[in-house]
Amino acid sequence: VSTQSTWGSKEFDHRQLMAEQKPLAGTWGEGPFGYETKLVHSGVSPDPISGAILTPIVQATTYVQPSVEEYLSKGFSYSRTANPTVSTLERKIADLEGGAGAACFGTGMAATITVISAFCSQGDHCIVTNCSYGGTNRCCRVLFAKFGVDFSFVDFRDPAIVEAAIKPNTKLIFSETPANPVLTLTDIAAISKIARSKGILHVCDTTFATPVIERGIELGADLVIQSTTKYYDGHNMTVGGAVISATKELDEKIHFWQNVHGNIMSPWVAFLTLQASKTMALRVRHQSETAMKIAQMLEAHPKVDKVVYPGLASFPQKELADRQHLNGLHGGMLWFEVKGGTESGRKVMNNIQRPWSLCENLGATESIITCPAVMTHANMLKEDRLKVGITDGFIRVSCGIEDADDLIRALKKVLDEL
C-alpha cells in the first residue's frame, strides 16, 4: 500500500515526515499549571499525524484490529464502548474535577440513571435530596421505584437529617448542591464523612456550581454528576452528561453500566464540549459577578418579595457558601418571587424583554428566565414541589454574559410596571 500523498502539486511521505519530527516546540515545561491552563489543555494533545491543535472528530462505528491476539491493543473496538474523541473529553473532565476517571453520556439524565442502576438493586435503599432537578426526582419515583428500589427524600441542609435516614439497606446517598432551583446547599465533606463511616457511596450533582466553584471529589464525594449541557457547554449547543469517579474501580463500573445501557455521548457533541469548556472559568466569573449585581438590585426593589443568591449576606447558608465555594464565586443562578403572588410572577415572566429569554436550560451565554413549576419541575408531585418552596410564581434566573446593566434595565422595567 502506497504511503505517498499529494497535497496540491507537492508529494511527501507520511512515514518519513513522522520520522523526522523532533520534540522541539510544543513540549511542556515544568508544572504545576494553573486551573485555567487546565481548562484549555487538559486531556488534549495536538494530533500526531497532522499537528491539528483541536482533537479530531472520529466519526467511526468500528475500529480495525491488527490481529485477534492484539484485539483492543489501540484501546478501541466499537464506539458504543469507547470513541477517541469522547475519551479525550472524559480525560479532560476527570482532570478538571479531580477524579480518577470520567464517563460522558448523551444527557445529564443518562448519567444520573446510570449511577443509580449501577449501585442500587431491588430491595436497596437510596437517600435523595428533597429538592433536585425534576428529572432526578421523577426517575427515582417513576422508574427505579417500580423495580423495587426504595427512596427517602430528605432535607440535605442538615447532615444529621441525612444520617438519621440511613437504613441497613442504604446503598447510595444522592445530593445536589446548589440544588435546582432553590439553591439550598449540601455540606459535601460532612455528608461524605457520614457515608464513608457507614460504607455507603455518596454521589453529588454539582452542575450549578461547576468545577470552577466546587469540586466534589476533592471534598470527599465518591462520584460527581455534571450535566455538561449547562456550564461545560455554556452556549445552548448540546445536551450531555458526565459521571466523575474518585477511584478507577468506580469508573470501570460506571463504564460497564454505560456500555449496558448504550447511553453514550456522540463524537460531535464531545468535540463541541471540548472547545466550549475552555472558556468556562471566564464565563462563570462573569456570570457570578452579574448574578450578584442582579440579586442586589432585586433585593432593593419594592416589588420583590424574596430573592435568594448564595453571594448575598442574607443567604441562609452563607457560612457554608463561603467555605465550600472556591474563589469567592457563587455561580450564575438565583431566584426570586414578587409581591402579588403567582399572578404577578407570571406577569414578569410573560413580559420580560430581551436580552432575557423565557425558556429552559441554564448556564449559557444567553440570560434565561424559567418558570420551574411549568417547565423544569412540572414532573414533581405538586405537594412535594410546594413543600420545598417551588411555587407557581417562582422565577428562576440564569445569568449569561451580556452587559449586566442591560439585564438590570430590562428587569427593572418589568418590575416597575407591576
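Q: Which residues in α4 are buried?

A: First, some housekeeping. This is a predicted model, where local features need pLDDT of at least 70 and side-chain atom pairs count only at pLDDT 80 or more, while totals for chains, interfaces and linings use all residues. Residues are numbered from 1 along each chain as its sequence is written, and side-chain values use heavy atoms, with hydrogens and water left out. Buried means under 20% relative accessible area, exposed over 50%, and partly exposed in between (1.4 Å probe, protein chains only). Helices (H or I, at least four residues) and strands (E, at least two) are DSSP runs, numbered from the N terminus. In α4, the buried residues are Gly108, Met109, Ala110, Ala111, Thr112, Thr114, Val115, Ile116, Ser117, Ala118 and Phe119. That is 11 of its 12 residues, and α4 is mostly covered.

Q: What span does helix α4 reach from its first C-alpha to its last?

A: The expected span of a helix is 1.5 Å times one less than its number of residues. Helix α4 (residues 108-119) reaches 17 Å, close to the 16 Å expected.

Q: Which residues does Thr114 touch?

A: Contact means heavy atoms within 4.5 Å. Thr114 lies in helix α4 and is buried, with a relative accessible area of 0%. Not counting residues up to four places away in sequence, Thr114 touches Phe105, Ile254, Trp257, Gln258, His261 and Asn263.

Q: Now for packed helices. At what angle do α3 and α10 pack?

A: Two packed helices are described by the angle between their axes and the distance between the axes. Axes are lines fitted to C-alpha atoms, for helices over the stretch in contact, and angles run from 0 to 180 degrees between N-to-C directions. Helix α3 (residues 84-97) and helix α10 (residues 267-276) pack at about 40°, with axes 8 Å apart. Angles under 35 degrees count as roughly parallel, over 145 as roughly antiparallel, 65 to 115 as roughly perpendicular and the rest as oblique. So α3 and α10 are oblique to each other. From α3, Thr85, Val86, Thr88, Leu89 and Lys92 make the contact, and from α10, Pro267, Ala270, Phe271, Thr273 and Leu274.

Q: How do α11 and α15 cross, roughly parallel or roughly antiparallel?

A: The axes of helix α11 (residues 280-300) and helix α15 (residues 404-416) come within 10 Å and cross at roughly 25°. That makes α11 roughly parallel to α15. On the α11 side, Thr290, Lys293, Ile294, Met297 and Leu298 take part, meeting Ala404, Leu407, Ile408, Leu411, Lys412 and Leu415 in α15.

Q: Let's turn to a strand. Is Val128 buried or exposed?

A: Val128 is buried, at a relative accessible area of 0%, and lies in strand β4 (residues 125-129). Leaving aside neighbours within four places in sequence, Val128 is in contact with Cys140, Phe151, Ser152, Phe153, Val154, Phe156 and Phe174.
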